[in-house]
Amino acid sequence: MTWRTVLAPVAGAVTAVAALGYAQAVLPAQPLISDYALVPGGMLPVLVGTLALAVACLSLAYGLAAREPGRTAATRVLLLAGAAGLMLSALFPTDPGMSDISTLTGEIHRWSAAVVFTALPVAGWSLARGRTAAVRWSAVKALSVTSGLTLGAYLAAHPAAFTSSLIGGGAYYGLLERGVVLAEIVLVVSMALASAPGRAAVRIQGTRATGAPAQPESRQRLAA
């Protein structure tokens, strides 16, 4: 991945945070993020935030295909699934109410959101699995696990779950959903930064562009 393809998913993630943060700060409080699309003035920021995150996933998949087409095949499929789920959840808004889904639009939104919430943590784990024990890959793994655990807690606390009444989930399930969304946005950024070209790769490209002989790999490591 070049730095240009790294900046695209980062910019998409930042736009998503800004748009959804605007809805959270300005519009009347709602139980779930998707509920902001049902209040006056809420459709636009939800659309912008959701589609910006979809663009971030697509940009990341494109960059990984250019750099590691064989190694990242499974990750790219999951990123594309996440992007498709984001676009569908943006085009088909949720039904009003905490747990009752009564329309086809609401069903599409619910299942597309489920694809997003599950695909991105698995994509992060798939990308970092088997990598060297570097801080950047450890961060991707940690965020993948955090996203998955937060998702599990959110599903257990949701009013539609039989476990919700046992753990008092109605009081904080909305906070958990926001935690899942934020963790997965940060995960996309972490995946992009972890896949960025290292200093040695940049140095090799520079020597090729100038025509100067490349240094042996051992000397490059010492220099780094």
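**Figure 1. Surroundings of S34 in the predicted model.** Leaving aside neighbours within four places in sequence, S34 is in contact with T94, H109 and E177. In this predicted model, S34 belongs to the loop between α1 (3-26) and α2. The residue is buried, with a relative accessible area of 14%.

**Figure 2. Overview of the protein chain.** The protein chain contains nine helices and zero strands, and its pattern along the sequence reads α-α-α-α-α-α-α-α-α. Of its 224 residues, 42% count as buried. The chain exposes about 11500 Å², of which carbon and sulfur atoms supply 70%. Among contacts between residues at least 6 apart in sequence, 66% join residues at least 24 apart. The mean pLDDT of the protein chain is 86, with 85% of residues reaching 70 or more. Over residues 199-224, pLDDT stays under 50. For residues 199-224 the model has ten contacts beyond four places in sequence.

**Figure 3. Helix α1 and its packing partners.** Helix α1 has 24 residues and reaches 34 Å from its first C-alpha to its last. This span is close to the 34 Å expected at 1.5 Å a residue. The buried residues of α1 include the alanines A13, A16, A19 and A23. Also among the buried residues of α1 are T5, V6, P9, V10, G12 and L20. The buried residues of this helix pack against α2 and α7 (173-194).

**Figure 4. The salt bridge between R131 and E68.** Two salt bridges are counted in the model. In one of them, the side chains of R131 and E68 meet at 2.8 Å, N to O. R131 lies in the loop between α4 (104-128) and α5 (135-157), and E68 lies in the loop between α2 (43-67) and α3 (73-91), so the pair ties together parts that are 63 residues apart in sequence. Side chains of opposite charge can pair when their charged atoms come close. R131 counts as buried at 19% relative accessibility, and E68 is likewise buried, with a relative accessible area of 19%; the cut-off for a buried residue is under 20%.

Figure 5. Helix α4 has 25 residues and reaches 37 Å from its first C-alpha to its last, close to the 36 Å expected at 1.5 Å a residue. Within this helix, E107 and R110 are three residues apart and are therefore separated by about one helical turn. E107 forms a salt bridge with R110, and the closest N and O atoms of the pair are 2.9 Å apart. E107 is partly exposed, with a relative accessible area of 27%, and R110 is partly exposed at 37%. Just after α4, G130 takes a positive phi of about 80 degrees.

**Figure 6. Helix α5 and its buried residues.** Helix α5 has 23 residues, and the distance from its first C-alpha to its last is 32 Å. W137, V140, S144, S147, T150, L151, Y154 and A157 are the buried residues of α5. The buried residues of α5 pack against α4, α6 and α7.

**Figure 7. The buried glutamate E184 of helix α7.** E184 is found in helix α7 and counts as buried at 2% relative accessibility. Not counting residues up to four places away in sequence, E184 touches V116, F117, L120, P121 and S147. S147 is also one of the buried residues of α5. S144, another buried residue of α5, lies 40 residues from E184 in sequence. The C-alpha atoms of E184 and S144 are 7.8 Å apart in space.

**Figure 8. A nonpolar patch on the surface.** F162, L166, I167, Y172 and L175 form a nonpolar surface patch. Together, these residues have about 600 Å² of accessible area. F162 is found in the loop between α5 and α6 (164-167). At 71% relative accessibility, F162 counts as exposed, the cut-off for an exposed residue being over 50%.

How values were computed: Residues numbered from 1 in each chain as written. Heavy atoms only, no water. Salt bridge = Lys/Arg side-chain N within 4 Å of Asp/Glu carboxyl O. Helix = DSSP H or I, 4+ residues; strand = E, 2+ residues; numbered from the N terminus. Buried < 20%, exposed > 50% of the residue type's maximum accessible area, 1.4 Å probe, protein only. Patch = residues over 30% accessible without salt bridge, like charges linked within 9 Å, V, L, I, M, F, W, Y side chains within 5 Å. Areas by Shrake-Rupley, 256 points an atom, 1.4 Å probe, with all protein chains shown as cover. Contact = heavy atoms within 4.5 Å. Expected span 1.5 Å × (residues − 1). pLDDT = per-residue confidence, 0-100.
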